[in-house]
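I opened this notebook to record what I looked up in the structure, entry by entry.

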Amino acid sequence: MRWNGGVTVVDQASHQDAFVAICGPRTPEGHDVRILAQLVPEPTNPNDGNAVVVFALGQRVGYLSPDDAKALGGTVARTISRHKVATCSAVIRGGWDRGPGDQGAYDITLLDPNAG
(Lines give C-alpha, C1' and ligand atoms only; values in the text may rest on other atoms or scores of the structure.)
Protein backbone atom coordinates (compact mmCIF):
# COMPACT_ATOMS: atom_id res chain seq x y z
CA MET A 1 0.00 0.00 0.00
CA ARG A 2 1.43 3.35 -1.01
CA TRP A 3 0.15 6.67 0.33
CA ASN A 4 1.11 8.82 -2.69
CA GLY A 5 -0.43 11.89 -1.10
CA GLY A 6 -3.17 10.08 0.78
CA VAL A 7 -5.59 7.17 0.85
CA THR A 8 -8.91 7.75 -0.85
CA VAL A 9 -11.94 6.39 0.95
CA VAL A 10 -14.46 4.34 -1.06
CA ASP A 11 -18.28 4.35 -0.91
CA GLN A 12 -18.33 8.09 -0.25
CA ALA A 13 -21.24 8.68 -2.63
CA SER A 14 -23.51 6.80 -0.21
CA HIS A 15 -22.61 9.20 2.60
CA GLN A 16 -23.00 12.67 1.10
CA ASP A 17 -25.54 13.61 3.81
CA ALA A 18 -22.88 12.87 6.44
CA PHE A 19 -20.47 15.27 4.72
CA VAL A 20 -23.15 17.99 4.74
CA ALA A 21 -23.64 17.37 8.48
CA ILE A 22 -19.89 17.78 9.02
CA CYS A 23 -19.06 20.66 6.64
CA GLY A 24 -22.35 22.44 6.22
CA PRO A 25 -24.28 23.01 3.03
CA ARG A 26 -22.75 23.36 -0.40
CA THR A 27 -21.21 26.73 -1.20
CA PRO A 28 -19.94 28.30 -4.42
CA GLU A 29 -16.34 27.82 -3.20
CA GLY A 30 -16.85 24.34 -1.76
CA HIS A 31 -15.02 23.03 1.28
CA ASP A 32 -11.47 22.11 2.27
CA VAL A 33 -11.68 20.92 5.89
CA ARG A 34 -9.01 19.07 7.86
CA ILE A 35 -10.39 16.67 10.44
CA LEU A 36 -9.38 13.66 12.47
CA ALA A 37 -10.91 10.49 11.01
CA GLN A 38 -11.54 7.36 13.04
CA LEU A 39 -10.87 3.91 11.59
CA VAL A 40 -13.02 1.06 12.86
CA PRO A 41 -12.69 -2.59 11.78
CA GLU A 42 -15.96 -4.19 10.67
CA PRO A 43 -15.19 -7.94 10.75
CA THR A 44 -18.88 -8.86 10.40
CA ASN A 45 -19.16 -7.06 7.05
CA PRO A 46 -20.77 -9.61 4.69
CA ASN A 47 -18.78 -8.34 1.69
CA ASP A 48 -15.32 -8.14 3.26
CA GLY A 49 -14.21 -9.59 6.60
CA ASN A 50 -11.25 -7.15 6.52
CA ALA A 51 -13.50 -4.09 6.10
CA VAL A 52 -12.49 -0.88 7.88
CA VAL A 53 -15.10 1.86 8.26
CA VAL A 54 -14.05 5.50 8.19
CA PHE A 55 -15.84 7.94 10.51
CA ALA A 56 -15.46 11.72 10.58
CA LEU A 57 -16.79 13.59 13.60
CA GLY A 58 -18.94 10.58 14.45
CA GLN A 59 -20.41 10.31 10.94
CA ARG A 60 -19.81 7.24 8.77
CA VAL A 61 -18.27 8.55 5.54
CA GLY A 62 -17.06 5.39 3.79
CA TYR A 63 -14.60 2.51 3.90
CA LEU A 64 -10.98 1.82 3.16
CA SER A 65 -10.70 0.02 -0.16
CA PRO A 66 -10.42 -3.76 0.22
CA ASP A 67 -6.70 -3.62 -0.62
CA ASP A 68 -6.03 -0.79 1.84
CA ALA A 69 -8.13 -2.48 4.54
CA LYS A 70 -6.09 -5.66 4.13
CA ALA A 71 -2.80 -3.71 4.21
CA LEU A 72 -3.75 -1.48 7.16
CA GLY A 73 -6.09 -3.74 9.14
CA GLY A 74 -3.36 -5.10 11.40
CA THR A 75 -2.07 -1.62 12.18
CA VAL A 76 -5.59 -0.39 12.92
CA ALA A 77 -6.26 -3.36 15.24
CA ARG A 78 -2.94 -2.90 17.09
CA THR A 79 -3.55 0.81 17.50
CA ILE A 80 -7.02 0.18 18.92
CA SER A 81 -5.61 -2.47 21.26
CA ARG A 82 -3.03 -0.01 22.61
CA HIS A 83 -4.96 3.26 22.53
CA LYS A 84 -8.64 2.21 22.38
CA VAL A 85 -9.06 4.16 19.12
CA ALA A 86 -7.36 4.45 15.72
CA THR A 87 -7.34 7.89 14.14
CA CYS A 88 -5.74 9.53 11.14
CA SER A 89 -5.60 13.10 9.87
CA ALA A 90 -7.82 13.60 6.85
CA VAL A 91 -9.14 16.28 4.56
CA ILE A 92 -12.67 16.68 3.23
CA ARG A 93 -12.95 18.51 -0.08
CA GLY A 94 -15.70 19.30 -2.53
CA GLY A 95 -19.27 20.27 -1.85
CA TRP A 96 -19.44 23.21 -4.22
CA ASP A 97 -22.57 24.44 -5.94
CA ARG A 98 -22.08 27.01 -8.69
CA GLY A 99 -25.46 26.50 -10.26
CA PRO A 100 -27.14 23.93 -12.48
CA GLY A 101 -24.69 21.39 -13.83
CA ASP A 102 -21.80 22.58 -11.67
CA GLN A 103 -21.98 20.75 -8.34
CA GLY A 104 -19.20 18.80 -6.72
CA ALA A 105 -19.53 15.79 -4.46
CA TYR A 106 -17.76 15.75 -1.13
CA ASP A 107 -14.85 13.36 -0.66
CA ILE A 108 -12.39 12.52 2.07
CA THR A 109 -8.73 11.55 1.81
CA LEU A 110 -6.74 10.07 4.68
CA LEU A 111 -3.38 11.80 4.99
CA ASP A 112 0.00 10.09 5.27
CA PRO A 113 0.85 9.96 8.97
CA ASN A 114 4.56 10.16 8.07
CA ALA A 115 4.29 13.29 5.93
CA GLY A 116 5.85 16.42 7.29
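This is a predicted model: local features need pLDDT of at least 70, side-chain atom pairs count only at pLDDT 80 or more; totals for chains, interfaces and linings use all residues.

Entry 1, a pair of strands. I began with Val54, whose bridge partner in β4 is Gly62. The strands β3 and β4 pair in the antiparallel sense over four bridges, where I take two strands as paired if DSSP finds at least two bridges between them. The element names follow DSSP runs numbered from the N terminus, with helices being H or I runs of at least four residues and strands being E runs of at least two.

Residues are numbered from 1 along each chain as its sequence is written, and side-chain values use heavy atoms, with hydrogens and water left out.

In which order do the six strands of the open sheet lie? I read the order β1-β6-β5-β2-β3-β4, with antiparallel pairing. The edge strands are β1 (7–8) and β4, each of which pairs on one side only. Further in, I followed β2 (residues 31–41), which runs antiparallel to β5 (residues 87–94) and is joined to β5 by eight bridges; here Ala37 stands opposite Cys88. On to β6 (residues 107–110), I found four bridges in the antiparallel sense between β5 and β6, with Ala90 facing its bridge partner Leu110.

I next asked which residues of α1 (residues 16–23) are buried, taking buried as under 20% relative accessible area, exposed as over 50% and partly exposed as in between, with a 1.4 Å probe and protein chains only. They are Gln16, Ala18, Phe19, Ile22 and Cys23. These residues cover an arc of only 150 degrees around the axis, which puts them on the same side of α1; the arc is that of the directions from the helix axis to the C-beta atoms. The face turned away from the buried side carries the exposed residues Asp17 and Ala21. The buried residues of α1 pack against β2, β3 (52–56), β4 (59–63), β5 and β6, contact meaning heavy atoms within 4.5 Å. After α1 comes Gly24, with a positive phi near 100 degrees.

I found α1 across β2, β3, β4, β5 and β6, running at about 130 degrees to β4. By contrast, α2 lies across β1, β2 and β3, and runs at about 75 degrees to β2. For these angles, axes are lines fitted to C-alpha atoms, for helices over the stretch in contact, and values run from 0 to 180 degrees between N-to-C directions.

Leaving aside neighbours within four places in sequence, I listed the contacts of Val54, among them Val9, Ala37, Leu39, Val61, Leu64 and Leu110.

I returned to Phe19 in helix α1, which counts as buried at 0% relative accessibility. With neighbours within four places in sequence left aside, Phe19 is in contact with Gln12, Gly24, Val61, Ile92, Tyr106, Asp107 and Ile108.

Asp11 has a positive phi of about 65 degrees, sits in the loop between β1 and α1 and counts as partly exposed at 36% relative accessibility. Leu57 has a positive phi of about 50 degrees, lies in the loop between β3 and β4 and is exposed, with a relative accessible area of 61%.

How many disulfides does a search of the whole structure find? The search gives zero, a disulfide being a pair of cysteine sulfur atoms within 2.5 Å. The sulfur of Cys23 is 17 Å from the closest cysteine sulfur, in Cys88, and that is too far for a bond. Cys23 is buried at a relative accessible area of 17%, and Cys88 counts as buried at 9%.
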